[in-house]
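Q: Hi! Could you walk me through where the nonpolar residues sit in this protein?

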Amino acid sequence: MELTSSAHDGAGRTARRGMDGPRGIDWTDIAFAVLLAAGAAFAFQRVGGIMNYYDKAILAGAVVVLAWLAWLWRPLRALMIAVAISGGLAVTLYQGDLARADQAFLLKYLLSSQSAILWMCALFVIATACYWIGLIARSFTASWLGTALTWSAVFAGVTGLLVRWHESYLLSPDIGYIPVSNLYEVFILFSLITALFYLYYERKYDTRSLGGFVLLVIASAVAFLVWYTFDRGAQQIQPLVPALQSWWMKLHVPANFIGYGTFSLAAMVAFAYLVKAHGKTSSWVKLAPLFVLGVLLAVEPMIFRQSGMPAYWMTYAGVAALIVGGILLGRRQLAERLPALEVLDDIMYKAIAVGFAFFTVATVLGALWAADAWGAYWQWDPKETWALIVWLNYAAWLHMRLIKGLRGNAAAYWALVGLLVTGFAFLGVNMFLSGLHSYGEL
């Protein structure tokens, strides 16, 4: 379908690009970088004794990266400062005693890792509802609340992860680790990365109409976290298995999940693209592929069943399928309120390009980690094989885009299928295929 644009979207996008375009370094950038360096120096002073050479190098590199990101996207400054304050308050309240998580009021209800993460889950779900109300009712207030609540959820989630990191060391310095080692922790990381990239594109393109679509995939991750917490007690901090006791994890896992998060964002934008492209389609035969893909993505979490079909996941799949059907039923009205197809296509392309770059880096880091841990860069382990399939899928998508001019419905459908493949590589392999990465199973 030929790409179209509207004067409103074009004007808003131009204005936002002018606001967020390249700019020089001013005194506030320098002051924030100095503040980050001071924070790193304080960390060196407090815990430098238990950090090895690689940990110190990563911390120093993090200062540079965070300063650059804060220069690139100023809202991150406020987030980092707020998280530093909340995390510092939590550390102070613990007073070196993990038992205070159930004694101090602020820890028990707000700042302990579990409390903060549950707040994150609740805020993401409410934000999703606000975005949809704003889109359907054309309510600026509801859409604005969606943005505010998404930022609040990110704040709560980052605070929760940082406090969880501290809690692991309160258990024992030998147990302490960066909280990106198991499914519970990486689902939180996935939610935060996806939300942050969405918020960046929301600001860049000056539109909140995609929030409801993108946050559906985060709400799905929240559904898993709630189940995993109350059914499996996954919030409990456990010592790392030997294979994960490596500094490589601190680089490989975040890079990997930037890939997963942006691929997921691209897929949800692709879904919005197809909803808009089919806004005037009256034939359900033409809509069938989109409905089937949407339902498949909705029911994919049912792989978490233990025996038969637990009621929780049955309910989840039914609600998710109803949401997909409802979106398609209201496609005409939604199509009028979504950004222009060219904007959706541009976001989809940029998200996949960013994700592919980081996923490539993560794959290389994973190979180096494998050589360090197992003595070989590549062993055709199921996880490695499916990571290669994901990489080849998006490499082909980008090749077709850049060389053959892939656009429109075909690119969008491919991005949706890509999320199915990525989902299986992330979860299905751990559930159904044994291998060297079996420590990641439920």
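A: Happy to! This is a predicted model, where local features need pLDDT of at least 70, side-chain atom pairs count only at pLDDT 80 or more, and totals for chains, interfaces and linings use all residues. Residues are numbered from 1 along each chain as its sequence is written, and side-chain values use heavy atoms, with hydrogens and water left out.

Q: Is Leu293 buried or exposed?

A: Leu293 is buried, because its relative accessible area is 11% (buried means under 20%, exposed over 50%, partly exposed in between, with a 1.4 Å probe and protein chains only).

Q: What does Leu293 touch?

A: Not counting residues up to four places away in sequence, Leu293 touches Tyr413, Leu416, Val417 and Leu420 (contact means heavy atoms within 4.5 Å). Leu293 and Leu420 are 127 residues apart in sequence, yet 8.6 Å apart in space, C-alpha to C-alpha.

Q: New topic: how many residues has the largest nonpolar core?

A: It has 118 residues, and Met120, Phe124 and Leu416 are among those with the most contacts inside it. A nonpolar core is a set of buried Ala, Val, Leu, Ile, Met, Phe, Trp, Tyr and Cys residues joined through side-chain atoms within 4.5 Å.

Q: Which helix gives the largest share of this core?

A: Helix H10, residues 249-277, with 18 residues.

Q: And Trp119, where is that found?

A: In helix H6, residues 113-137. Trp119 is partly exposed, with a relative accessible area of 42%.

Definitions and conventions
Helix = DSSP H or I, 4+ residues; strand = E, 2+ residues; numbered from the N terminus.
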